[in-house]
Amino acid sequence: MQDEQLVSNLRKKYKFSRLDALKKLSASENFEVEQNQKANFNFHCRTEFSGFDSTPSLSAYKLMKNGFPAVAIVDYASLSGAKELMKAEKILGGLYYIGTETEVADENGNPVKMLSLGIPHKNIKPFNFELFFYRILRNEFTDSLLEKLNSRLKKYGMAISAPPRSFFKTTSAEDVFVCFANAVIEKYETADKINEFISEELGITLSDEEAKRLEDTANVYYNADLAEILFKKYKLKFPTRKFKKVSEFVSTSDNFGAISALILSGDVDEAINFAVKHGIKSIVFSVDKVGDDFNARVFYDKCLQNGILPLARLVCDYPKKKLLWEFDSEETAELFRETTFAVAGHEISASLHIEDGLFSERSVENTPDLKDRIRLFSRIGLKGSDIKTL
């Protein structure tokens, strides 16, 4: 039986208190591995270090309770939650890997979303310091966004306070809109007045489902729901952003022994050509972002033909997000589970010796075929975890 107080303690300020609560929950609860052989198995968590209302311990617990033991932490330009996730997964006996996400610019100045995955444990701290420069650029953007929003809201007698930040924590646009939602709630208090304000003053048209979500301010997810609606529907031209270059991020990932990854946006062939050109090791598609005509198996095959590691992910960001997505077949699902485990295997191997990673010269020389290397490293990933059943 779930202890609600212990679950609540997973949100506490200090990570040692959170981990202690997790130990007690782990001792009193049973966790069963997902048995749906067509389900996606690769979950990327956002936490408080990206401005989301979750801690690494809470994220690990939620996914384990849902039967999904494989989890990665991919906060924006931050690795500050990595150590806690590692300890949380050691308690829970789950499979994990460490990553971070950021935006960079291509040679034409266009923004590109990228990840660095499977970061060797001894390099987490120095990599996190290197990411400081990415956080600075992000914070400059959100400062401009705050200024723009406050200039618009001044006539309503409303002001958005800057979200808390530190050397290791960036402020995301989503974080700003959470503060925006809090300011609206503080000003108008009741659901009727809030709905009237966002509809008549902000020009937001609510769907029936969205209106239902905003019926009760006592709902624990009310702030998150309102923030999500404001972020997606409030018409605002975002300020211009500055970015570091793709080549810099790929080079940094390589130097720290991590796997650089491009987040798929648009045409698969173009993404593969871009990855090959820039020496990017992997391409990741977000399962809930692709169209109905997207063929995961074709994507997998094309990536492997070009020496690219194919990955499928579901980002666990908003509290009510449905954590289920199925592939067309068990065979395709198994292929993408294997690549997920390979990233975990890479992290284990590279943490022991950086020259033993999935794409290191020594590994490529010993096992030239990427398919064979994926199988090898997936076995390492599974052996390094306590997962007994798949």
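A residue counts as buried under 20% relative accessible area, as exposed over 50%, and as partly exposed in between. Keep these cut-offs in mind for the model shown here, which is predicted.

Start with Glu201. Its relative accessibility is 44%, so Glu201 counts as partly exposed. Glu201 is found in helix H8, which covers residues 191-201. Glu201 also belongs to a patch of negative charge on the surface.

Now step back to the whole chain. The secondary structure comes to 16 helices and seven strands. The radius of gyration of the protein chain is 21 Å, close to the 21 Å that the globule rule gives for 390 residues, so the chain is as compact as a globular protein of that length. Taken along the principal axes, the C-alpha atoms fill a box of roughly 65 × 55 × 40 Å. How much of the chain counts as buried? Of the 390 residues, 54% do.

Next, turn to Arg379. This residue lies in helix H16, residues 370-383. Is Arg379 buried or exposed? Arg379 has a relative accessible area of 53% and is therefore exposed, since exposed means over 50%. Leu58 gives a reference point elsewhere in the sequence. Arg379 and Leu58 are 321 residues apart along the chain.

Terms used. Residues are numbered from 1 along each chain as its sequence is written. This is a predicted model: local features need pLDDT of at least 70, side-chain atom pairs count only at pLDDT 80 or more; totals for chains, interfaces and linings use all residues. Side-chain values use heavy atoms; hydrogens and water are left out. Patches are made of residues with over 30% relative accessible area and no salt bridge: like charges are joined within 9 Å, nonpolar side chains (Val, Leu, Ile, Met, Phe, Trp, Tyr) within 5 Å. Accessible areas come from the Shrake-Rupley method with a 1.4 Å probe; for residues, only the protein chains shown count as cover. A salt bridge is a side-chain nitrogen of Lys or Arg within 4 Å of a carboxyl oxygen of Asp or Glu. Lys and Arg count as positive and Asp and Glu as negative; His and the chain ends are not counted. The place of a charge is taken as NZ of Lys, CZ of Arg, CG of Asp or CD of Glu. Helices (H or I, at least four residues) and strands (E, at least two) are DSSP runs, numbered from the N terminus. Buried means under 20% relative accessible area, exposed over 50%, partly exposed in between (1.4 Å probe, protein chains only). The radius of gyration is taken over C-alpha atoms; the globule rule is 2.2 Å times the number of residues to the power 0.38.
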